[in-house]
Amino acid sequence: MTILVLAEHHDTQLDEATAKAVSAAGRMGGEIHVLVAGSGCRAAAEAAAGLAGVALVLLADAPSLSNRLAEPVAALVVGLASGYDAILAPSTTSGRNILPRVAALLDVMQISDVIAVDGPDLFQRPIYAGNVIQTVRSTDAKKVLTVRASSFPAASIAAAAAPIETVAIPEDPGRSTFVRSELSRSERPELAGARIVVSGGRALASAENFETVLAPLADTLGAAIGASRAAVDAGYVSNDLQVGQTGKIIAPDLYIACGISGAIQHLAGMKDSRVIVAINKDPDAPIFQVADYGLVADLFEAVPELHTAVAAEARA
Amino acid sequence: MKILVAVKRVADPNVKVRALADGSGVDLANVKMTMNPFDEIAVEEAVRLKEAGRANEIVVVSIGPEKSAETLRTALAMGADRGLLVRTEATVEPLAVAKILKAVAEAEKPDVIITGKQAIDDDANQTGQMLSALLGWGQGTFASKLVVGDKAIEVTREIDGGLQTVSLALPALVTADLRLNEPRYASLPNIMKAKKKPIDERTPADYGVAVEPRLTVVRVHEPATRKAGIKVGSVGELVERLRMEAGVL
Ligand SMILES: Cc1cc2nc3c(=O)[nH]c(=O)nc-3n(C[C@H](O)[C@H](O)[C@H](O)COP(=O)(O)OP(=O)(O)OC[C@H]3O[C@@H](n4cnc5c(N)ncnc54)[C@H](O)[C@@H]3O)c2cc1C
Ligand SMILES: Cc1cc2nc3c(=O)[nH]c(=O)nc-3n(C[C@H](O)[C@H](O)[C@H](O)COP(=O)(O)OP(=O)(O)OC[C@H]3O[C@@H](n4cnc5c(N)ncnc54)[C@H](O)[C@@H]3O)c2cc1C
């Protein structure tokens, strides 16, 4: 069995989700190749070549691939597919955009958001916002799957780097062109990989409160900031900070939910965190049913107090 | 311009769905069903394009059992013009849904197809992308904004790092994300009017599509639930426990 993993990367840097997808591929057994498609992305390819378990890295480096548009990247993957028994991508927005396109062109039913690999054709995946887990067997000759990065450990660094091979790039199908992107810039750790996440809900009531109430605590802890859908919809923070069924699904060591009620769609994104803290003024808020430590309090008092206490510890 | 919208009937997102005791599936007996929330957003966007004079016809299609006609009626009450029910009692996987929708698109020749980004039951997030691939069209997934031109459509997409805007040659496919719009509730007069709007009925066989599943569900179970922990009395106690007991600070 030979498996192709479509890498998630930022050209000069490999994303941690790739190392996690490689370890998911490892559980299927067989030889693992990684495809790095981008523009000026040799550095990411070199990082991929250094992951344990990777036998070969395919480098597709061209300006036409710089924005990872689904149409050209899917055409590239389909062109390589005959050499593989399985094709995997982490279920990032990029993987979720591209891989179903690949699956359809190969006439394969994709298995989305795999959280456990029980065999080469047997996979577990969440349905109904993670309230139910489905175990499915794929009868397709070729497997196409996206894997939930937070469910797998990252592959470690290999003793020796795998070879890197350049691949030819097929003609762009020409149905789509890139116009612009507005990427959030933040000095804080990325939400998807952060060890600690401080998250705010509707109760924060403004963008300003996210900055003045939540951010100092997050920065002292070296944490990422997250949010509920209600907070994003209201425009307090940008969309890429949404945690939940339709936002990011994360499993940090510590998740601190401030003024979040705990709707099932929100829990779907954070209930696998190692330790959950909830600060909410309503003692009956559903978030307390999943919290290891609950504090019934007004967040506008409790969060600054928590910040002061943590900052004092940090100094001590 | 003609717009085709795909709508799915799903369990209400506010219902906590449970696995059947024998692990054969989920228990949907007596569960309230509704239109997939993302599909409401898709219908709303189409209706707004019509109201703005950019579109002149909206066709809604649903694949599923007889009751899916109710979902189509809801879409008609929101402002769609006619419905198409592709009736089947079988479980239809996204790949087969995409194949049926492709055949529908070839017959209807829409300029734009809008689907939801994911159905909140199976959470597969793939039907729109698959349909777009089968048609050889461009795709604008996870859309939070659309600007429709004569030859192209500009789609702003919610991606992991922020927003990305792409331009797609028409015809094109869009999948609706949560912030594309806030769907309306149909008014009573519009609900009455919708009863007179036509709903056609077909079967997958009419389109020559085999719906045999490629995935076999081996088992369905509920994940181990997290136990509620303790309530702490103060911020001081919280910090102490996080440090000494949980070891995360
Ligand atoms: C299809 C679909 C997809 C969805 N996807 C997501 C998703 O991905 N992520 C997501 O988060 N949601 C999602 N939702 C929305 C979800 O159902 C909830 O509406 C949302 O999570 C609520 O956000 P919230 O907890 O911030 O707000 P609310 O539910 O309004 O909760 C606010 C909480 O703050 C508390 N509070 C108020 N003031 C204070 C104070 N001063 N101090 C302390 N506590 C206070 C209140 O007691 C309350 O519990 C989705 C919904 C649907 C239908
Ligand atoms: C798919 C879906 C769509 C819904 N849309 C609406 C809606 O447009 N208006 C409404 O009043 N109730 C909506 N609800 C019901 C909603 O879940 C709550 O029961 C209700 O909004 C709580 O009202 P509240 O008075 O507590 O206001 P708050 O909780 O303070 O809510 C303020 C506003 O946030 C929005 N909102 C809250 N929860 C949701 C949600 N789960 N999904 C979408 N928007 C939400 C609504 O616009 C609401 O008016 C929706 C539920 C679902 C499942």
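An oxygen atom of ligand 1 is placed 2.7 Å from an N or O atom in the side chain of Gln265(A), in a model that is predicted. The protein covers 83% of the 990 Å² of accessible area that ligand 1 has on its own. The points below turn to the surroundings of this ligand and then to the cavities.

**Surroundings of ligand 1**

- Ligand 1 lies between chains A and B, and 28 residues surround it, with Arg202(A), Ser228(A), Ser261(A), Gln265(A) and Asn280(A) as the closest.
- The side chain of Ser228(A) has an N or O atom 2.5 Å from an oxygen atom of ligand 1, while Val243(A) brings a backbone N or O atom to 2.8 Å from a nitrogen atom of the ligand.
- At least two residues of the shell come from each of α6 (229-233), α7 (264-267) and α8 (299-315) of chain A and from α1 (37-51) of chain B.
- By class, the shell around ligand 1 consists of 11 nonpolar, 12 polar and five charged residues.

**Largest cavity**

- The largest cavity, with a volume of about 220 Å³, is lined by 21 residues, and those nearest its centre are Asp113(A), Gln245(A), Ile249(A), Gln118(B) and Asp123(B).
- Its lining takes two or more residues from each of α4 (93-105) and β5 (111-114) of chain A, and it has six nonpolar, 10 polar and five charged residues.

**Second largest cavity**

- The second largest cavity has a volume of about 80 Å³, and its lining residues include Gln265(A), Tyr128(A) and Pro13(B).
- This cavity lies between domain 1 (2-166) and domain 2 (191-315) of chain A, because both domains give residues to its lining.

Terms used
Residues numbered from 1 in each chain as written. Chains lettered and ligands numbered in written order. Predicted model: local features only at pLDDT ≥ 70, side-chain atom pairs only at ≥ 80, totals over all residues. Heavy atoms only, no water. Near = heavy atom within 4 Å. Polar contact = N/O pair within 3.5 Å; in protein donor to acceptor, adjacent residues only side chain to side chain. Areas by Shrake-Rupley, 256 points an atom, 1.4 Å probe, with all protein chains shown as cover. Helix = DSSP H or I, 4+ residues; strand = E, 2+ residues; numbered from the N terminus. Nonpolar A, V, L, I, M, F, W, Y, C, P; charged D, E, K, R; others polar. 1 Å grid on protein atoms, 1.4 Å probe; cavity = no way out; pocket = protein on both sides within 12 Å on 5 of 7 lines; lining within 4 Å. Points joined across faces, edges and corners; volume = space filled by probe spheres on them. Domains from an automatic or database assignment.
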